[in-house]
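Here are my notes on this one, as numbered points. Have the structure open while you read.

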Amino acid sequence: MTAVTEFRPRKKWPASQIVLTALGVAVSALWMAPLLWALFTSLKSETEAVAVPTHWVPEEWTAQAWKAVFETGNLTNWFVNSLVVSVCVTVIVLLVAALAGYGFARTEFRGKNALLGIVMAGLMVSPAVLGVPLFTTVQSMGMVDTYWGMILPQCAPAAMVYILYKFFQSVPRELEEAAFIDGAGRWRVFFTIVLPLSRPALSAVGIFTFIASWNNFLWPYMVTSNPDLMTMPNGIATVMNSYGIQWAQLMAGGLIAGLPLVVVFVFFQRQIVSGVAHTGLAGQ
């Protein structure tokens, strides 16, 4: 017997889905345009990159800018410095924010609301405003031109404390109370029950912190003048000569600096979405 294959007609898209798809494509194109512009500019010669009127596609394709960045820039050193600073900041922020968020969510002590208000007030202060007092403090501690001078001032995570505070409030108290009845102490409950349940929120906080630290230009620029301690954003900013900024090289360096963040987002986008959804920030 010959099997008869049943062909089912495809369902037509409703008008709402077509509109949403078109809108998604338009927004994606809008977000991709700067990346494409940077890529095309990096594949131009320096003369063509600054030519007026400008144009998107290079008339003469060349990898001269990429070659110059690798030859003249200390990319390996910049990358290692950025990685060391960003990883250390992320680890410290996760530890501090988790302890502070859990303390605010689960313990009662005198002045708790006032202290929480002071922490949340940090969300209203721009980091640029704190630059001078922070630099004075770091200088008095002898940490200028050191890794710790770049790391420690980035470890005051008011926003991350708030994210984990909101998440810990959603953890059922019954789980902790059952552990207390079995004889577990506060620290054991925190490390064996609360933290494993907090992986989505901790992942989101860690990724947000890593990205923010990797992109931080102002503070490493202020606290260090040693070329051997430059991070990736600071190193890329030095791509210039006596004739001004080399735009093709700058675009190539910017793409290199942003590549690790693209990789982080591609591989951890589920954790980012899950973390935001579980912390209650999606509806705020």
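1. Let's begin with Thr 41. Is Thr 41 buried or exposed? In this predicted model, Thr 41 has a relative accessibility of 5%, and since the cut-off for buried is under 20%, Thr 41 counts as buried. Thr 41 sits in helix α1, which covers residues 15–42. Beyond its neighbours within four places in sequence, Thr 41 is in contact with Ala 49, Trp 247, Ala 248 and Met 251.

2. Stay on α1 for a moment and look at Leu 35, which belongs to that helix too. Leu 35 comes out as partly exposed, at a relative accessible area of 46%.

3. Now for the overall picture. The protein chain has 14 helices and two strands. It runs to 284 residues, of which 35% count as buried. If you take the contacts between residues at least 6 apart in sequence, 73% of them join residues at least 24 apart.

4. Next, α4 against α11. The two helices, residues 75–106 and residues 199–215, pack with their axes 8 Å apart and at an angle of about 140 degrees. That angle is why α4 and α11 are described as oblique to each other. The crossing of α4 past α11 is right-handed. On the α4 side the contact includes Phe 79, Leu 83, Val 87, Thr 90, Leu 94 and Ala 98, and on the α11 side Leu 202, Val 205, Gly 206, Phe 210 and Trp 214 are among the residues involved. By class, the residues of this contact are twelve nonpolar, six polar and no charged.

5. α4 also packs on α10. Here the axes are 12 Å apart, and the angle is about 105 degrees, so α4 and α10 are roughly perpendicular to each other. From α4, the residues Ala 98, Leu 99, Tyr 102 and Arg 106 meet Arg 186, Trp 187, Val 189, Phe 190, Val 194 and Leu 195 of α10. This contact of α4 with α10 has eight nonpolar residues, no polar ones and two charged.

6. α11 has another partner in α8. How do the axes of α8 and α11 cross? They come within 10 Å and cross at roughly 170 degrees, which makes α8 roughly antiparallel to α11. The contact brings together Met 160, Ile 163, Leu 164 and Phe 167 from α8 with Ala 201, Leu 202, Val 205, Phe 208 and Thr 209 from α11. Eight of the residues in the contact of α8 with α11 are nonpolar, one is polar and none is charged.

7. In soluble globular proteins, nonpolar side chains tend to be buried together. The largest nonpolar core here has 36 residues, and Leu 164, Phe 168, Val 189 and Phe 190 touch the most other members. Elements giving two or more residues to this core are α4, α5, α7, α8, α10, α11 and α12. Which element gives the largest share of this core? α4 does, with eight residues. As for Leu 164, setting aside residues up to four places away in sequence, it touches Ala 97, Ala 98, Ala 201, Leu 202 and Val 205. Another core, of 14 residues, lies apart from the one above and has Leu 75, Phe 210, Leu 250 and Ala 252 among its members.

8. One more residue on α4: Phe 104. Phe 104 is buried, at 6% relative accessible area. If you leave out residues up to four places away in sequence, Phe 104 touches Phe 109, Lys 112, Leu 115, Leu 116, Val 119, Val 161 and Tyr 165. Phe 104 and Tyr 165 lie 61 residues apart in sequence, with a C-alpha to C-alpha distance of 6.6 Å.

9. Finally, a backbone point to check. Most residues other than glycine have a negative phi. Asp 145, which is not a glycine, has a positive phi of about 60 degrees. Where is Asp 145 placed? Asp 145 is in the loop between α6 and α7. With a relative accessible area of 29%, Asp 145 is partly exposed.

Key:
Residues numbered from 1 in each chain as written. Predicted model: local features only at pLDDT ≥ 70, side-chain atom pairs only at ≥ 80, totals over all residues. Heavy atoms only, no water. Axes fitted to C-alpha atoms, helices over the stretch in contact; angles between N-to-C directions. Helix = DSSP H or I, 4+ residues; strand = E, 2+ residues; numbered from the N terminus. Parallel < 35°, antiparallel > 145°, perpendicular 65-115°, else oblique. Left-handed = near helix turned anticlockwise from the far one by under 90°. Contact = heavy atoms within 4.5 Å. Nonpolar A, V, L, I, M, F, W, Y, C, P; charged D, E, K, R; others polar. Core = buried A, V, L, I, M, F, W, Y, C linked by side-chain atoms within 4.5 Å. Buried < 20%, exposed > 50% of the residue type's maximum accessible area, 1.4 Å probe, protein only.
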